[in-house]
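Please keep the sequence and the structure in view while reading.

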Amino acid sequence: MSASPDLEPGARRRILDAAAEAFMAHGFANATIDDIAREVGATKGLVYYHFRSKFDIFLAVYEEAMGRVRDRVEHHATGPGTGRDRLVAMAVAHAVNLMEDLAYHHVVHQAVRGQVATALKPRQRDTLQELNGLRGAYEQLFRGVVADGIADGSLREVDAALATRTLLSNLNAIDTWYHRIPGQEPAELRELAGRIVDLLIGGLAGS
């Protein structure tokens with residue numbers, strides 16, 4: 001006997017993937033549970049089995065996005081090399097993850113840019129605050145490495161907080177112009193990310 005679709009392994013992950021795509025395509029306000037269920041190829045019942053509401057799905061996508069990017073970036077913060085070397089590695093990993101998980105990052109940016117207007121229950125408000133705290137801690141990773149680079153002379157004397165926010169804002173803006181290309185290889189994403197980071201950290205000025 002086949003397993004119930006409600007208990008199918010991986011169903012929650014497929015719902016998150018589908019929801020991220022729906023929120024990116026339609027925005028949070030216009031995306032519906034029907035859109036998500038249709039993307040999954042299942043019924044609304046499957047979606048509601050795993051999540052209480054559309055906003056709970058949104059929060060789960062946000063959490064998944066933050067977990068994925070931190071997993072890709074965090075180890076570079078304590079890796080070898082100068083502060084600049086580590087900052088470049090972190091920024092490239094961030095950019096590659098953004099392009100690979102484009103829909104997930106769109107969800108984070110909708111939250112950050114205040115594009116999600118809904119009445120929140122206390123538990124949802126608490127979860128959103130926790131996720132915003134994770135995003136703040138992620139930014140702090142970059143700020144610490146910028147400070148290391150200033151201290152070791154590999155980066156010039158700048159306001160570390162301003163430099164970090166400028167760097168991350170520009171990296172995150174990739175989602176406003178980048179479009180996935182079917183069959184694009186990981187090496188191509190890394191090469192593109194490297195060129196973007198070289199412009200952001202190396203600048204446009206001649207030597």
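The expected span of a helix is 1.5 Å times one less than its number of residues. The model examined here is a predicted one. Helix H8 covers residues 160–172, and its 13 residues should therefore span 18 Å; the C-alpha atoms at its ends are 18 Å apart, in agreement. Its buried residues are Ala 160, Thr 164, Leu 167, Leu 168, Leu 171 and Asn 172. Viewed down the axis of H8, these buried residues fall within an arc of 125 degrees, so they line one face of the helix. At the start of H8, a side-chain oxygen of Asp 159 comes to within 3.0 Å of the backbone nitrogen of Ala 161.

Helix H7, residues 122–152, can be treated in the same way: its 31 residues should span 45 Å, and its end C-alpha atoms are 45 Å apart, which agrees. Among the buried residues of H7 are Leu 128, Tyr 138, Phe 142 and Ile 150. The cover over the buried residues of H7 includes H4, H5 (83–100) and H8. After H7 comes Gly 153, with a positive phi near 85 degrees.

Nonpolar side chains in soluble globular proteins tend to be buried together. In this model the largest nonpolar core has 64 residues, and Phe 142 and Leu 171 are among those with the most contacts inside it. Helix H4 (residues 54–77) supplies the largest share of this core, 12 residues. Domain 1 (9–51) and domain 2 (54–202) each contribute at least three residues to the core. Beyond its neighbours within four places in sequence, Leu 171 has contacts that include Ala 91, Leu 98, Ile 196 and Leu 200.

Notes. Residues numbered from 1 in each chain as written. Predicted model: local features only at pLDDT ≥ 70, side-chain atom pairs only at ≥ 80, totals over all residues. Heavy atoms only, no water. Helix = DSSP H or I, 4+ residues; strand = E, 2+ residues; numbered from the N terminus. Buried < 20%, exposed > 50% of the residue type's maximum accessible area, 1.4 Å probe, protein only. Arc of directions from axis to C-beta. Polar contact = N/O pair within 3.5 Å; in protein donor to acceptor, adjacent residues only side chain to side chain. Core = buried A, V, L, I, M, F, W, Y, C linked by side-chain atoms within 4.5 Å. Domains from an automatic or database assignment. Contact = heavy atoms within 4.5 Å.
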